[in-house]
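Colleague: I am new to this structure and would like to learn how to read its features one at a time. Could you take me through them, giving the general idea and then the case at hand?

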Amino acid sequence: MVYTYWCRRLLFVCFALMALSAVKSTLERALDKDLSDLVRGIRAHKDDEAKYIHDCIDEIKNELKSGSIAAKANATNKLAYLQMLGYDISWAAFNIIEVMSSPKFSFKRIGYLAASQSFGEHTDVLMLTTNLIRKDLNSGKLYDTSVALSGLSCFVTPDLARDLCDDVLALTMSPKPYIAKKAVLLLYKIFLKNPDALRTAFPRLRKKLEDPDPGVQSAAVNVICELARKNPQNYLSLSPVFFKLMTSSTNNWVLIKIIKLFGALTPLEPRLGKKLIEPLTNLIHNTSAMSLLYECINTVLAGVPDHHASIQLCVQKLRILIEDSDQNLKYLGLLAMNKILRHHPKSVQAHKDLILACLEDKDESIRLRALDLLHGMVTKTNLIEIVKSLVRHLNSPDIGNYFRSELISTIVRICSQENYHYVVSFEWYVSVLIELAQLNTNRTGELLANQLLDVAVRVASVRQFAVGQMAIFLRSCKSMMTHSNQASLHDVIYAAAWICGEYAGFLEEPRETLEAMLETASFIDLPGHIQSVLVLNCLKLYCKLVAAWFAQTTGGCDVLSDPPPPPPESIDASADLRALVDRLLELTAFLMDKISLFVHSANLEAQERAVSIHQLLHLVVKRLTKLRATASTSPLPQPPPPPPTSTCGGGGGGGGDEDVVDLLGIDADDSLDPLSAVRKTASAADDAPTPATDSTQPPPSSDLLNGVHGVLVELGGLFAGEVHPVAAKAQRKVPLPEGLDLDAWINEPPPPPKLTLASPSSLLPTDAPLDRHKKRSKKGVIGESATGGIFSGLVEPEGPKPVKLTQAELDEMRKQRLLLQESNPHYLKSTKKRSQGSVSEEPEAPPVVEAPSTDVPKTPKLASSDKFAMEMQKQLKEIGRQKAKTPTGTRGKARKGQRPRKERVPVPEESEEAVDFPTSVPVSTVVDLPEGVTPNDVDSPDEESELDPNDPHRLLNIQLDIPSMEEATLDTPSRPSTDTKKTLQTRNKKKKASKVNGTSGVGGAQARKEPSRRHVQSNDQRGEIKQPRSDQPPVISEEAFVDLLSNFKAVTAARAKVRCPATAEALSAGNSHLLEPTFVSLLGALSKAASLSVVERVGTSASVYAEVATTPVCVLIKLSTSTGSVSIEAKSEDETASTDLVQRVKTLVKGFRPAE
């Protein structure tokens, strides 16, 4: 009994354990975390989110290892969410494919979702999905096929596009519009990965434009619009179909796409724009959708930019958009107004008040778009008003730094456009630039400095004013400088130093300017490249100053253009010459002393220039000292010798045996010893008695004069010549020297050091040789410096010579440092100590401040731009009064003659431009270019740069075998009827029969020899084509031209894109309004040189007819208003004729120059 009891009890326990394990597995499956649990857990673990997600990923990996497809789908769903948070799930790619292959749609959808998020071209397991996706595409189940199409569009690769293209094409013919629509949209992604599929799939895609379902039709329109982004020429033949859709569709989104496509097609076919005027105008009048209105306006601007009525309508509608309270509509209105501004600036100038009001908008993007419009609204009369308005906004404290810099950039752009065409007073413009530099901005200093340099170099009439203002600026820049405008003023110091050094002849006080430049160069926070410019221009100013002193002493002798003057004949003149030498020595010593401060500059460029200038001045001092020592031995001046035969450029004295100026101090032994000449001269002057006067030798005064003249000639020659600006793209046109390999080593690279371990015993005896080596090296340095080498004054035995500053210089540096600390907001100031010490220190401060205040009346202040603005406004008012007198007299005469009143109505749009100023300031356009390069070569556009290698759409720029647009007509939306076709065929047969029978003006034999001219000769019978003489181009009417294109049997097209020098030069100069007149001149030149007949011209596009070897050729010539390049497309039945004509026109366009 006991045994039976325990057996039953054990059996019960086993069954209980089995039931418990089954219940546990069921509970585990029920308690698995789903996506909602994962999201709640992440939100609950904000402090340790990364750790919690790491634990969840471990749990997901365990779920993926299970055999249940439901668990894998749940894990994949959570992985898709984690991928959106930025976690990498590429390790689960194979598991995702497993879920994609599930027959259950709810799981399949999860798999395709995760694949669309994580799969890409570099996913290796994608090759396993080809058959899986094909199976889903051909499953016949609506949702399975749909999810496969959606997923494939996200991770399609070139291999998948090639393998599944036929399956997707088959789905475009599906009777279910939902599937067909998705298949059509997927074709675009397939074309991007496999462009060759476009040729085979396009006929079927074209048929979908006429699909009865509006969704499929809309999908086809979207795909073709995207395809036309790179090569709209392929889709020009579809214009009738799109025209029909535009006039019949009520879907605004479809209309937007179609109108956007027409905007790309109208520049290719000028006649298309005329057909679109009426429907586009109706849409602009009637539509309430602002997005559709915006696209209609864009298409009008692209297709018919010369249609005045349409442009005025667009401007009126855009004003409504800009005045709307919706910021998005206002932004779009400003963008479209900017496009109208390019072709019709006067239409936009009438709304100047509205554009300036947009500068007050709170949205910064609106203000930036308004700034873009100002450059086209400027005239000579309103330039001052617009600049004042922009400067007023600059003083507002509410604007940000970015918009502040954009305001300054806009002021510079509107003043400098079209070669400073609208600037009447350059003195006013220079004053404005200096005032802008003093504002609290650090981003536009380089721009302002470049403008100052450009104006000073290119406008010769303003150089004197600019040099005077820059000299004043250099003296007072220290007091203007604050922490906020420090960087901007530093850049202007760069320009001021260069202008004062290059055009130092206009300086009224050159010595004071030189001292100001040296003081400015010693600023503590001055950038190194600006310091180097200051140092170099100090030498420029020094050379100009000593030349001016020499001219004053010798009665106006120019050291660079005049020969040496005759020697002085009086004692006073000789004394003046010696005084000049003393002044030169004093100035040179002063400059040497100041330049020595920059010999050890941290900037290498400034250091190198300072060392070179210091050594040059050192040699000048030695030569002048030698000349003064030689002249001191002469008691009286002697009669002048015969006039010397050498010129200034020789740098020497009179005859051939006379001493020439040895600026470098090379002695007779050809050794470089600058001190030897001074030593010999000094010893000869001390030891030797006064030499007797010899009438055969030139007097010492003559030697002194010729010697000083020769030194100044050499100094002046350092900076002789006029400086011109360098062309913007000149550097890329510099040819690479022959035999130069930029990748080769100039010197062989040193071998890598060998890491060897030396024994301690080998290191011990090296101390003594090292010490001896150090001693030898020190002796060697001392010996070299003692020999009087070129750097003898700079090289010291024990390292660099310490800079010794005087107490005044130390006080000045301390004062400057305190000013910088006060203006620095990040520097903590001890206010309490200053308040306590202010009682004792304040009485000492006024003398320091008042000392320069006594010189304030002597130092002029910077000119104010308001002064010049008032003068120009007075001139404008005076000119306006003179203009107002002329209409009054005309009005009286009109009454006597009883002429109609409408002839005397003034045009308000041209009133501002009608004001002519009495003078126009010439602006130089001369630029320096590499040898053998012309300005046209520099301005040539880089056609290859237009193709972005990273653009995925560039592969779609292929030619499709699509009939040209001329096969269809746009007179009616529908296709021509069968009766019309039969009538055209009958008429053509009659014309051919009349030619064969000899009834036409050309014999039958000639007709058989020239079959390609049949159509042209048939039109001649109707009087539409006039046969010209041999030296004139053929004449053809527009109707005959259209018939000729439509009757071509096998059309072959040749295309080319060439740069026109005349149009590119007009664009580079900012004269975009000259493009159309230049294009008309180009067509006239082509008509004469290539025997072309212009059939029709619309803007910068023209249809042209020509004959090549009796073969008619139709040509479309279009000028790009953005790049200045000319596109040429020729169509004919003979490929050779088209190619030859395109090459001939291309050559003529390259060499075209408009007549002066």
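Colleague: To begin with a single side chain, is W253 buried or exposed?

Modeller: Before that, please keep in mind that this is a predicted model, in which local features need pLDDT of at least 70 and side-chain atom pairs count only at pLDDT 80 or more, while totals for chains, interfaces and linings use all residues. Residues are numbered from 1 along each chain as its sequence is written, and side-chain values use heavy atoms, with hydrogens and water left out. As for the terms, buried means under 20% relative accessible area, exposed over 50%, and partly exposed in between, with a 1.4 Å probe and protein chains only. W253 is exposed, because its relative accessible area is 64%.

Colleague: Where does W253 lie, and how far is its C-alpha atom from that of L292?

Modeller: W253 lies in helix 14, which covers residues 252-265; helices here are DSSP runs of H or I with at least four residues, numbered from the N terminus. The C-alpha atoms of W253 and L292 are separated by 7.9 Å, although the two residues are 39 apart along the chain.

Colleague: Which residues make the nonpolar surface patch of about 360 Å²?

Modeller: A patch is made of residues with over 30% relative accessible area and no salt bridge, and nonpolar side chains (Val, Leu, Ile, Met, Phe, Trp, Tyr) are joined within 5 Å, whereas like charges are joined within 9 Å. The areas come from the Shrake-Rupley method with a 1.4 Å probe, and for residues only the protein chains shown count as cover. Here F94, M127 and L128 make the patch. M127 is found in the loop between helix 6 (105-118) and helix 7 (130-137), and M127 counts as exposed because its relative accessible area is 66%.

Colleague: How should I read a pair of packed helices, and at what angle do the axes of helix 22 and helix 23 cross?

Modeller: Two packed helices are described by the angle between their axes and the distance between the axes. Axes are lines fitted to C-alpha atoms, for helices over the stretch in contact, and angles run from 0 to 180 degrees between N-to-C directions. The axes of helix 22 (residues 383-394) and helix 23 (residues 401-420) come within 10 Å and cross at roughly 165 degrees. That makes helix 22 roughly antiparallel to helix 23, given that angles under 35 degrees count as roughly parallel, over 145 as roughly antiparallel, 65 to 115 as roughly perpendicular and the rest as oblique. Helix 22 passes helix 23 in a left-handed crossing; a crossing is left-handed if the near helix is turned anticlockwise from the far one by less than a right angle, and right-handed if clockwise.

Colleague: What is the angle for helix 24 and helix 26?

Modeller: Helix 24 (residues 426-437) and helix 26 (residues 463-480) pack at an angle of about 20 degrees, with their axes 10 Å apart, and they are therefore roughly parallel to each other. Helix 24 passes helix 26 in a right-handed crossing.

Colleague: How many salt bridges does the count come to?

Modeller: Side chains of opposite charge can pair when their charged atoms come close. A salt bridge is a side-chain nitrogen of Lys or Arg within 4 Å of a carboxyl oxygen of Asp or Glu, and by this rule the count comes to 30. One of them joins R40 to D37, with the closest N and O atoms 2.4 Å apart; both residues lie in helix 2 (residues 35-44), three residues apart, about one turn of the helix. R40 is exposed at 51% relative accessible area, while D37 counts as partly exposed at 27%.

Colleague: Which residue forms a salt bridge with K78?

Modeller: K78 pairs with E63, the closest N and O atoms being 3.1 Å apart. This pair links distant parts of the chain, with K78 in helix 4 (residues 69-84) and E63 in helix 3 (residues 49-65), 15 residues apart. Both K78 and E63 are buried.

Note on methods. Helices (H or I, at least four residues) and strands (E, at least two) are DSSP runs, numbered from the N terminus.
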